[in-house]
Amino acid sequence: MSATPVKVAVTGAAGNIGYSLLFRIAAGDLFGPDTPVELRLLEITPALKALEGVVMELDDSAFPLLAGVQIGDDATKVFDGVNHALLVGAKPRGPGMERGDLLKDNGGIFAPQGKALNEVAADDIKVTVTGNPANTNALIAMSNAPDIPNERFTALTRLDHNRALAQLAAKLGVKTTDITQMSIWGNHSATQYPDLFHAQVGGRSAAEAVGDQDWIANTYIPTVAKRGAAIIEARGASSAASAASATIDHARDWEHGTDGAWVSMSVPSDGSYGVPEGIISSFPVTVADGKWSIVQGLEIDDFSRGKIDASVQELQSERDTVKELGLI
Ligand SMILES: NC(=O)c1ccc[n+]([C@@H]2O[C@H](COP(=O)([O-])OP(=O)(O)OC[C@H]3O[C@@H](n4cnc5c(N)ncnc54)[C@H](O)[C@@H]3O)[C@@H](O)[C@H]2O)c1
Ligand SMILES: O=C(O)C[C@H](O)C(=O)O
């Protein structure tokens, strides 16, 4: 077992996602069975008592890999020396809202957290934003952390990626592991584009395997893109366990690599595929040696181009809003 624990910050640790996420991290699902972890948990002051209760449960689980837990409401203390930051803490949307409607309430959380990370995080810090609207919140944190390389800021579209796999597998009667090269493009929002033209099933394109463009355009894409709202409608609360699981998938693959497999991550655009720099948008990526790379050289047909452009336009408009709010 490695001697030095990895320090992982989780914000919103007393919330619904936190309640699932912390136990998965402590069990070794993020860094593997040989790496001890130290949890650094950030909450707002009124939630600290509830967080103490969660820590009691972490104690009671006697996780062999859990080397320590620190909690607090001061980001500059909690983030001190952290190697990974999972920024979950933010308000969830309710029925009838879009995630972008949360920008005014939640955007303000990510500027001070970006500044605190800039000041006190470890040199190898990697940041994953789950709190909504995740892409633009990640942009806010990144813009407030000028000393941390931009590529260390990412947002979660892995839940959408996993949903895209599950819906396609159900349609074709295959296992999710039979599908490769899945990708989500754009924003974690209703405009996201789950791409079946590059996804592969049994050696051919998933779009070809489905053979029904009307189903892709009018059933599949909206089902994946609006799954978050469907969960809220059914559960009366936004997805939590699946969001925690996707956050683990994202951070684990970023840490350990994907061995050439594609995953979806929202990352700062470098201009690839005509997605302008200055926004954090989802792309198909591969990860090696702790670094993600956008998959290059893909042909984008007119249908995909229109979908990607619409989502990118939304991200640009969210960026303009947070500029006006003085957050970036
Ligand atoms: N990207 C995704 O795929 C995805 C999926 C599911 C949920 N989400 C989002 O994740 C966020 C959290 O969801 P949840 O269900 O855990 O919500 P929740 O309301 O159960 O928990 C949020 C927690 O964040 C805390 N918090 C608020 N402001 C904070 C701050 N400044 N610093 C630290 N903690 C703070 C709250 O006290 C609360 O305990 C929401 O914005 C939700 O929309 C994203
Ligand atoms: O839909 C939401 O608001 C929660 C989350 O972003 C999700 O996709 O489930």
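The legends below describe close-up views of a predicted model. Residues are numbered from 1 along each chain as its sequence is written, and chains are lettered from A and ligands numbered from 1 in the order in which they are written. Because the model is predicted, local features need pLDDT of at least 70 and side-chain atom pairs count only at pLDDT 80 or more, whereas totals for chains, interfaces and linings use all residues; side-chain values use heavy atoms, with hydrogens and water left out.

**View 1. The surroundings of ligand 2.**
The residues around ligand 2 are R93, R99, N132, L159, R163, H188, G228, I232, S238 and S239, a residue being counted as near if one of its heavy atoms lies within 4 Å. A polar side-chain atom of R93 lies 2.5 Å from an oxygen atom of the ligand, while an N or O atom in the side chain of H188 is 2.6 Å from a ligand oxygen and one in the side chain of R163 is 2.7 Å from a ligand oxygen. Taken alone, ligand 2 exposes 260 Å², of which the protein buries 95%; these areas come from the Shrake-Rupley method with a 1.4 Å probe. Helices α6 and α9 (227–235) are the elements that give two or more residues to this shell, helices here being DSSP runs (H or I, at least four residues) and strands likewise (E, at least two), numbered from the N terminus.

R163 is buried at 8% relative accessibility, and D160 is buried at 0%, where buried means under 20% relative accessible area, exposed over 50%, and partly exposed in between (1.4 Å probe, protein chains only).

**View 2. The salt bridge between K126 and E255.**
The structure holds 11 salt bridges, and in one of them the side chains of K126 and E255 meet at 3.4 Å, N to O. K126 lies in strand β5 (residues 126–129) and E255 in helix α10 (residues 241–256), so the pair ties together parts that are 129 residues apart in sequence. K126 is buried, with a relative accessible area of 12%, whereas E255 is partly exposed at 29%.

**View 3. D309 and R305 in helix α11.**
The closest N and O atoms of the salt bridge between D309 and R305 are 3.0 Å apart, and both residues lie in helix α11 (residues 302–324), four residues apart, about one turn of the helix. D309 is partly exposed at 33% relative accessible area, as is R305 at 25%.

A cis peptide bond, with omega about -5°, joins N132 and P133, and P133 lies in the loop between β5 and α5. Nine of the 10 residues of helix α5 (residues 134–143) are buried, so this helix is largely enclosed by the rest of the structure; among the buried residues are A134, N137 and M142.

**View 4. Positive phi at Q181 and D259.**
Q181 has a positive phi of about 55° although it is not a glycine, and lies in the loop between β7 (179–180) and β8 (184–185). D259, also not a glycine, has a positive phi near 55°, and its place is in the loop between α10 and β12 (263–268). Q181 is partly exposed at 29% relative accessible area, whereas D259 is exposed at 81%.

Methods. A salt bridge is a side-chain nitrogen of Lys or Arg within 4 Å of a carboxyl oxygen of Asp or Glu. A polar contact is a pair of N or O atoms within 3.5 Å; within protein, one must be able to donate a hydrogen and the other to accept it, and residues adjacent in sequence count only if both atoms are side-chain atoms.
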